[in-house]
Amino acid sequence: MISVSNVSMRYGSKVLFEDVSTTFTPGRRYGLTGPNGAGKSTFMKILTGEIEAQKGTVVRPRKFGVLRQDQFAFDAYRVIDTVIMGNRPLWAALEERDRIYEKAEMTDEDGMRLGELEGTIGDEDGYSAESDAAVLLQGLDIADELHERKMGELQGGQKVRILLAQALFGKPEALLLDEPTNYLDLDSIHWLQDFLLNYDGTLITISHDRHFLNSVTTHTADIDYQTIITYTGGYDDMVMAKTQVRSTLESQNAQREKKIAQLNEFIARFAAGTRSSQVTSRRKEVERLQTNELARSNIQRPFIKFDQIRPSGRHTLEVKDLTKIYGDERVIDNFSANVLRGEKICLMGRNGAGKTTLLKSLLANYPGLAEKDFSNDAGTVFWGHEAQVGYFPQDVGSTIEHGLTVAEWLHRWNPAAHVEEIRGILGQMLFSGEEGAKPTKALSGGEQARLIFCKLILTKPNILIFDEPTNHLDLESINALNIALQRYEGTVLLVTHDHDLIDEVATRLWHFDENGIEDFQGPYEEWKGKHN
């Protein structure tokens, strides 16, 4: 169990939460939700002990797992050892035992201490630690041949999955996971969901994956209105309950305001007359009914709507025998496909399977979007009549020029656009007021992503290509993107691991595996039915 009592946190004049008291119960799985800037990660760091609350206390279990955010902290250690470190008592015992064995001569005290350490190692399942860690790593798609490698030799996405395995290792009484699905492919996300559904401790997780939250969580602790309110159910259940509560409060306030207006009208009419006792009683009634101003929610919802200047031709894209080779590996091997106007294709598969490479191959000869020094090894790519491509790359920051304001950068993509149109689009994507004058180099990952959406809204292409657009977005922005893509009348190519985006947007799938690329003509539910 994790217990929080009268916890408060503010930065300057901004209050994140105040006098929060709540309990996270064993056997329950909590989603920690709230808009960007509400204090989710701050509250999680208070729970883990990484930072101290300005006021209040936190009671934690002896043994809890935390998803570490520092990818470089374990670079000197083997992958398998990094996972075992998730059980701190076990790792401390193993290290001390090794130090004693390294001594040239052991004393009697050393021998007695070794006995105590072997007892601790046995109690913590230390004799099966390496095999248990290997099972976790395999589930998260870390191949066996990497288990003995040093962490410093691995890529960032692989490190994140290993740190997730570290948090899950050693049967912790509580798990605190901040964005555990980042850098996971869909298969790994499904494995993690199954693992957590069978976990019987206390789970608290932050995630921008709506399907993951709805599938895993039994309760939702929502940070908003400068406090934390716990709802029963997953994310969608919380949104519905929260909306109903808000609507009820607003309705009650409206009724009270109407009654106050009627009483004030009576007071104004008869204040100077002979009905002073009735006026006095009505003044007291007004004081009693006086409404408290409803607290303002921190939630901000962007409005995304993708239009086209003109449609493309019916045949949007033709790919024939496309091949891309890296070293001895044929990442794309004789791939052929025809894409028709209006199709929405999701590219699915394990990380590293070649999804981003295929997008780069399709754009290799497209003016302004081809990656420097990238070329295909064989095959042809032909974009159809009037094809106009808008591209959202995985590394959005690399496409935003520094030395400009947000408004200046956006205006460059259509110099003929009026200033009011630029401001309107920026406002849709939550760059309100003076934020249009913000330097591009000062943008966060989420702001960079929203600015690229602004560009796509402004330029109105008839083909949209997205490479993992949800990585830096909050739930409200992802939901807005989902709706926008469903309503868009152009053609979409989308790389994502977001289950709901795939399920609700895709009309066709390109699935990558060790056998190549499967071109499935149909939605995700039909694909699952075929492969189950």
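Strands and helices here are DSSP runs numbered from the N terminus (E, at least two residues, for strands; H or I, at least four, for helices). This is a predicted model, where local features need pLDDT of at least 70 and side-chain atom pairs count only at pLDDT 80 or more, while totals for chains, interfaces and linings use all residues. Residues are numbered from 1 along each chain as its sequence is written, and side-chain values use heavy atoms, leaving out hydrogens and water.

β6 and β7 run parallel, joined by 5 bridges; two strands pair if DSSP finds at least two bridges between them. They belong to an open sheet of 6 strands with mixed pairing, in the order β5-β6-β7-β3-β8-β9. β5 and β9 stand at the edges with a single partner strand each, so one side of each has no neighbour in the sheet.

| Strand | Span |
|---|---|
| β5 | residues 64-66 |
| β6 | residues 174-178 |
| β7 | residues 202-206 |
| β9 | residues 227-232 |

Y231 lies in β9. Y231 is buried, at 12% relative accessible area (buried means under 20%, exposed over 50%, partly exposed in between, with a 1.4 Å probe and protein chains only). Beyond its neighbours within four places in sequence, Y231 is in contact (heavy atoms within 4.5 Å) with H219, T220, D222, M238, A241 and K242. K242 sits 11 residues from Y231 in sequence and 8.4 Å from it, C-alpha to C-alpha.

Over in helix α3, the buried residues are L90, W91, A93, L94, R97 and I100. They pack against α2 (79-84), α4 (108-123) and α5 (129-139).
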